[in-house]
Structure formats: C-alpha cells, structure tokens
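Hello,

Here is the structure I promised to pass on to you. Please have a look at it first, and then read my notes below.

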Amino acid sequence: MWEAAVEAQIRSAQERGEFDNLPGAGKPIPGRNLPYDESWWIKSFLEREKLPGDLLLPTPLQLRRRIERLPDEVRDLPTEEAVRAFCALLNTEVLAWLRTPTGPRVVVRPVNVDEVVRRWREDRQARAAAAVSPVLPPAANRTPRRDWRPWRRRRAA
C-alpha cells in the first residue's frame, strides 16, 4: 500500500520536472564494465573527498610512511626549532604506538632528531649555494666570443 504512495510521489515529481537536469544525467555509470570490487565504496569516497589512501593503512605503516617522508616535510620549515618540534611531535606518536601496539608487527623506531636537523641544514646550505652561484658550462665547452666589428687594416698610402 505504501509502495503505491511512493510511486505516486515519484510520478508527480517526474511530471513537475524535478528529475530533469540532475548532475550526472546522461553520463555512463562509472565502473559499470569493471569487475566487482568489495571496497568500491571506500575507494570512491577517498577519490571524491580527495583524501590520501594512506588513511586506510594500519597505524605502524602510517608511522613508517611519515618517517620516510620526513625529509620532504621538514625541507620548507623556516627554523631549526620548527624542525625539532615537528620531529618531537612525530616521536610522541611513535612512542604512543609503541606503548600500546595495535595492528601488524612492524618495526617502528623514533626519529633521530639531531640527524634530521643535520640533513635539514645540509639541504638548506646546498639550496642556498645553488641559488647564489649560477651554473656555467666548463671553459672547454664555451664557444669563443667573436668581435662584431671586422678587423680593418690601414693601408699605407
């Protein structure tokens, strides 16, 4: 009985044109010809919300990924104190996981802050040196400079 009421509401909405010009109208259904995937809804949610796929990883693997990406993440930090604070925050998360490990047994160690700071300094010095001195080709590869004026000899009269 209530099915008839629902059908009537759908029919009246169609007559009013409420289903016209909906987003996706006339477009093929995405993934229609692909084999069935049990986690299709998770993948589509991550893609739709533009979230990284790392969120699906267990905690120890997430921590290892963050440790691997650490040099890239601290590269643009302005001061040594900011680098140390970033590493301290990451080490706090690692230690919290080590106290109560969950997920797969993966070796995760705290970050050596002094080593990260040393690499950060070297990277900054290398970038500063590259920005200051332009790269010139070796002298052997340079073409000789030609004078634009032809040499003229004076003739003795």
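In helix α6, V113, V116, V117 and W120 are buried, where buried means under 20% relative accessible area, exposed over 50% and partly exposed in between (1.4 Å probe, protein chains only). Seen down the axis of α6, these buried residues fall within an arc of 95°, so they line one face of the helix; the arc is that of the directions from the helix axis to the C-beta atoms.

Before I go further, a word on the source: this is a predicted model, in which local features need pLDDT of at least 70, side-chain atom pairs count only at pLDDT 80 or more, and totals for chains, interfaces and linings use all residues. Residues are numbered from 1 along each chain as its sequence is written, and side-chain values use heavy atoms, with hydrogens and water left out. Helices (H or I, at least four residues) and strands (E, at least two) are DSSP runs, numbered from the N terminus.

Back to α6. What do its buried residues pack against? Their partners are α4 (70-74) and α5 (80-99), with contact taken as heavy atoms within 4.5 Å. On the face turned away from the buried side, α6 carries the exposed residues D114, Q125 and A130.

Next, the loop between α2 (40-49) and α3 (59-68), which holds D54. D54 counts as buried because its relative accessibility is 18%. Its side chain joins that of R65 in a polar contact of 2.5 Å, a term for a pair of N or O atoms within 3.5 Å; within protein, one must be able to donate a hydrogen and the other to accept it, and residues adjacent in sequence count only if both atoms are side-chain atoms. Leaving aside residues up to four places away in sequence, D54 touches Q62, R65 and R69.

K50 is found in that loop between α2 and α3 as well. Phi of K50 is near 55°, a positive value in a residue other than glycine, and K50 is exposed, with a relative accessible area of 75%. N21, in the loop between α1 (2-16) and α2, has a positive phi of about 60° although it is not a glycine. At 77% relative accessibility, N21 counts as exposed.

Best wishes
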